[in-house]
Amino acid sequence: MKVMFLVDRYFFLEKQVHEYMKLLVVKTPEQVLHYFEKQLMRYQRLLLLQNLDAYPDSVITSIHYLIKDYSSAIHKVQTYLSYQKELQVLND
C-alpha cells in the first residue's frame, strides 16, 4: 500500500517538476530547485531589508504570496527528488 502511494505521488510530482523544467528551460530538477531557492531568498531579503512602509499593502501581500508559492514549489521538488531516490532503492 505504501509503495502504491509512493508511486502515485511520485508520478504526480514528476509531472509538475517536468512542467517547471519546461517553463524554466532547464534540464534537471536540481536546476529548478536552485531557481526557486534563489527567488525565495530574493523576496525574503526584500521583505527584511526594505522599509515596508515604503510599499503599498498590495505589494507586500503579493510578495508574501510569492514567498508562499516558491516555498511550495521547493517542497514539491525536494519531495520529488527524495521519492526518486526511494523508488530507485526499491527497484534495486
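Select Val25 to begin: Val25 sits in the loop between H1 and H2, where helices are DSSP runs of H or I with at least four residues, strands are runs of E with at least two, and both are numbered from the N terminus. Its phi is near 55°, a positive value in a residue other than glycine. Val25 is exposed, with a relative accessible area of 73%; buried means under 20%, exposed over 50%, and partly exposed in between, with a 1.4 Å probe and protein chains only.

The model is predicted: local features need pLDDT of at least 70, side-chain atom pairs count only at pLDDT 80 or more, and totals for chains, interfaces and linings use all residues. Residues are numbered from 1 along each chain as its sequence is written, and side-chain values use heavy atoms, with hydrogens and water left out.

Now show the whole chain as a cartoon. There are three helices and zero strands, and from the N terminus on the order is α-α-α. The C-alpha atoms fill a box of roughly 55 × 30 × 20 Å along the principal axes. The radius of gyration of the chain is 17 Å, while a compact globule of 92 residues would have one near 12 Å; the radius is taken over C-alpha atoms, and the globule rule is 2.2 Å times the number of residues to the power 0.38.

Switch to the surface view. The accessible surface comes to about 6900 Å², and 59% of it belongs to carbon and sulfur atoms; areas come from the Shrake-Rupley method with a 1.4 Å probe, and for residues only the protein chains shown count as cover. Buried residues make up 28% of the 92 residues.

Next, select Tyr20, Val32, Phe36, Ile67, Val77 and Tyr80. In the largest nonpolar core, which has 23 residues, these touch the most other members. Such a core is a set of buried Ala, Val, Leu, Ile, Met, Phe, Trp, Tyr and Cys residues joined through side-chain atoms within 4.5 Å. Helix H1 (2-24), helix H2 (29-49) and helix H3 (57-91) each give two or more residues to this core. The largest share, eleven residues, comes from H3.

Keep Phe36 selected. Leaving out residues up to four places away in sequence, Phe36 touches Tyr20, Leu24, Tyr70, Ala73 and Ile74, where a contact means heavy atoms within 4.5 Å.

Turn to the aromatic rings. The whole structure holds six aromatic pairs. Rings of Phe, Tyr and Trp (its six-membered ring) pair if their centres lie within 6.5 Å; planes under 30 degrees apart count as stacked, over 60 as edge-to-face and the rest as tilted. One of the pairs is Tyr10 with Phe11, edge-to-face at 5.5 Å centre to centre and 65° between the planes. Tyr10 is buried at 10% relative accessible area, whereas Phe11 is partly exposed at 48%.

Phe36 and Tyr70 form a tilted pair, 5.6 Å centre to centre with 45° between the planes. This pair links distant parts of the chain, since Phe36 is in helix H2 and Tyr70 in helix H3, 34 residues apart. Phe36 is buried at 7% relative accessibility, and Tyr70 is buried at 13%.

Last, select Met4, which is found in helix H1. Met4 is exposed, with a relative accessible area of 51%. Draw a distance from Met4 to Tyr35: the two are 31 residues apart in sequence and 30 Å apart in space, C-alpha to C-alpha.
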